[in-house]
Amino acid sequence: MVNGCGGERIVVAEIIPHEGVPRLASRSAVVELRRVTKRYGNVAALRDVSLAIHEGEFFSLLGPSGCGKTTTLNLIGGFVEPDGGDIVIQGQSVVGIPPYHRPVNTVFQSYALFPHMTVAANIDFGLRMRGVPPDERARRIDEMLELISLPDFGRRRPSQLSGGQQQRVALARALVNHPAVLLLDEPLGALDLKLRKQMRIELARIQRGVNITFVYVTHDQEEAMTMSDRIAVMNQGRVIQVGTPQMIYEHPASRFVAEFVGANVLDGTIETVESRAGRVRLDAGPSITAVCPDGLRPGDRVSVVIRPEQATIAGHPGPGTNAIPGQVLKASYLGTHTQVVVRVTDGTEMTALMAAGGASVGTPAIGEEIHVVWKSEGSLILVEEGSP
Amino acid sequence: MSPERFPRRSPRWALRLPRLLLALYGLLGFVFLYLPIAVLIVFSFNSSAVITFPLQHFTLSWYRELREDFVLLGAVRNSIVVTVVTTVGATLVGTAAAFPLVRTGFRMKRMVNLFLLLPIVIPGILTGIALLILFVPVLNLTLSLNTVIAGQIVLAGPFVVLVVASRLYGFNQQLEAAAMDLGATPWRTFWHVTFPLILPGVLAGALITFTLTFDEFIVTFFTIGPESTLPMYIWSLVKFGVTPKLNALASIIVVLTLGTLLTANSLLRRRAR
């Protein structure tokens with residue numbers, strides 16, 4: 001995939017000197033939230049949130065709408081002031097400092113390009129406000145237009161650009177100021193799927209080129225996974241888990257995270273624990289074995305996480321595998337994979353993603369009675385939220 | 001053969017008739033609107049002192065007479081002063097008032113909104129009397145062009161509020177957030193982003209104020225001192241019977257009004273491009 005960029009040059013290396021800083025090697029936090037709370041009326045938008053975002057990393061805030069991710073962004077940008085806690089940018093507290101005095105720039109969800117200015121004047125705006133000398137401004141505008149692959153668009157008006165082009169101009173307008181942190185508020189939300197996928201690649205590439213810290217807000221887990229160095233998963237005003245995409249996906253810290261990244265979750269009760277393997281009696285009927293964290297005892301309520309690509313379907317499960325009977329609801333052939341949605345005995349829907357050409361049974365028929373099977377190493381036991 | 005599926009084709013003229021009638025109707029409407037003005041202008045060039053057909057000779061003498069009428073020239077000067085000051089004042093006050101009305105929430109906002117716009121619908125004669133009572137017995141002011149200007153701002157301000165507020169309702173406030181994000185202080189944000197974008201509304205408000213004030217009669221009548229504005233002067237002329245001199249004056253006003261409108265229109269168009 002990802003064609004369509006054909007012929008477009010992405011010139012990044014020349015834009016900003018790297019100063020020999022190896023990516024991710026520097027662990028110094030450029031943005032820190034320390035026990036930040038924010039209320040709107042009686043509603044708590046953020047509850048005691050602490051985060052450290054490192055120099056030069058692509059950091060995503062991932063969560064459903066209303067989870068507090070945009071509030072977090074607005075707090076860093078200075079559009080909202082916290083009710084409690086501290087926000088530190090480059091080692092200095094910025095609480096009470098207005099947006100126009102913070103070393104932070106934002107790419108807004110609606111782009112917010114100034115309609116009465118040309119593309120070049122839009123990019124110029126931040127430089128003009130900060131009193132950069134005219135000849136340097138002209139040079140930096142040209143560099144930015146080159147960076148976003150729109151070199152001849154300087155004299156156009158935003159209304160003459162497509163959505164994707166406007167999006168790039170918004171990016172250039174923010175990046176031209178060389179901010180310590182770039183905030184992006186679901187910038188790809190308004191684009192169609194194909195363009196969105198292209199822009200993911202391009203955004204990640206630009207970020208690596210300019211080596212500026214990106215804080216990216218999204219509710220799309222795939223988007224966060226493909227672009228980020230690290231992700232903070234948020235829910236109901238709290239940060240649930242922070243980690244690399246792989247960590248989040250393979251070791252979700254809670255049922256919420258597991259479900260949000262698309263894993264199957266089944267409830268059950270611990271029967272026995274042997275070293276790292278736990279036997280769980282599922283509420284749906286059968287007993288299965290899964291990887292068990294320390295400190296669980298028989299009788300504890302737990303959730304079992306099974307990732308879709310670890311599950312497959314079989315007519316008759318062999319002995320020694322984890323299996324649960326169910327009925328096929330939907331089967332979609334996706335080329336490289338076949339996605340099967342199964343309703344298991346307790347009514348839960350499970351998804352199995354089976355590689356094409358593997359030892360699969362072919363595309364099953366809807367309504368067919370089958371078993372969802374998976375290996376015990378592939379599944380993870382989580383303590384249920386709310387229980388000790 | 002099966003019977004024909006469609007009814008018989010209508011003749012060409014029958015298809016064209018509705019369009020023709022519509023065009024004629026439109027033409028009649030235009031004649032109704034502009035015939036009086038056309039007649040007015042025609043008679044301003046007619047040599048007879050009596051306004052009646054048939055036309056006599058072509059003359060510019062009525063225009064020449066205007067030029068020598070010092071009372072008239074004074075009235076024109078007064079009108080220009082009143083109109084310009086009122087336009088600036090009402091535009092400033094109205095624009096400033098539109099912001100809190102749109103941007104902030106406060107108790108009884110709807111009520112305030114309603115009362116702010118009430119002067120538009122209150123009969124001018126009531127406003128005039130009310131202002132007169134306020135100015136003279138209550139505030140003990142001497143009636144002059146100043147009191148006229150104050151009255152005119154009361155009349156025109158609501159129109160400016162209305163036009164600017166409608167522009168502000170459609171304003172994407174994220175643009176202001178973006179400007180501040182890019183380092184603009186609130187003051188610079190206003191001048192670089194907010195004001196240029198609401199300018200068409202402000203100009204429209206100013207234009208409405210200008211045209212309203214220039215020929216306003218009723219409220220001026222109640223609030224003016226010994227001076228005279230153009231509408232007052234015309235009224236005093238009519239009292240002694242209409243002469244073609246009046247036609248000449250009216251013709252000039254028509255041409256100036258049209259010119260102003262066309263200029264404003266082309267200016268706005270150039271900005272939009």
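Two residues are in contact here if their C-beta atoms, placed from the backbone, lie within 7 Å. Helices (H or I, at least four residues) and strands (E, at least two) are DSSP runs, numbered from the N terminus.

The model is predicted: local features need pLDDT of at least 70, side-chain atom pairs count only at pLDDT 80 or more, and totals for chains, interfaces and linings use all residues. Residues are numbered from 1 along each chain as its sequence is written, and chains are lettered from A and ligands numbered from 1 in the order in which they are written.

**Helix α3 of chain B**

Helix α3(B) covers residues 70-103.

Buried residues (20 or more other C-beta atoms within 10 Å of their own) in α3(B) include Ala75(B), Asn78(B), Val82(B), Thr86(B), Ala90(B), Gly94(B) and Ala98(B). Among the elements that cover the buried residues of α3(B) are α6 (145-169), α8 and α10 of chain B.

| Partner of α3(B) | Axes come within | Crossing angle |
|---|---|---|
| α8(B), residues 186-214 | 9 Å | roughly 145° |
| α10(B), residues 230-239 | 8 Å | roughly 145° |

The contact with α10(B) is made by Val71(B), Leu72(B), Ala75(B), Val76(B) and Ser79(B) of α3(B) and by Leu230(B), Met232(B) and Tyr233(B) of α10(B). Its residues divide into seven nonpolar, one polar and no charged. Ala, Val, Leu, Ile, Met, Phe, Trp, Tyr, Cys and Pro count as nonpolar, Asp, Glu, Lys and Arg as charged, and the others, Gly among them, as polar.

**Annotated spans**

An unreviewed UniProt entry places the feature "transmembrane region" at several spans of chain B, including residues 80-102 and 190-212; UniProt positions follow the numbering used here, feature names are shortened, and annotations may be inferred rather than shown by experiment. Residues 80-102 of chain B are 100% helix and 0% strand, with end C-alpha atoms 32 Å apart. Residues 190-212 of chain B are likewise 100% helix and 0% strand, and their end C-alpha atoms lie 29 Å apart.

**Chains A and B**

Chain A gives 17 residues and chain B gives 15 residues to the contact. On the side of chain A that touches chain B, β6 (104-107) and α2 (119-129) each supply at least two residues. The most comes from α2(A), with three residues.

Note on methods:
Axes fitted to C-alpha atoms, helices over the stretch in contact; angles between N-to-C directions. Buried ≥ 20, exposed ≤ 12 C-beta atoms within 10 Å, placed from the backbone.
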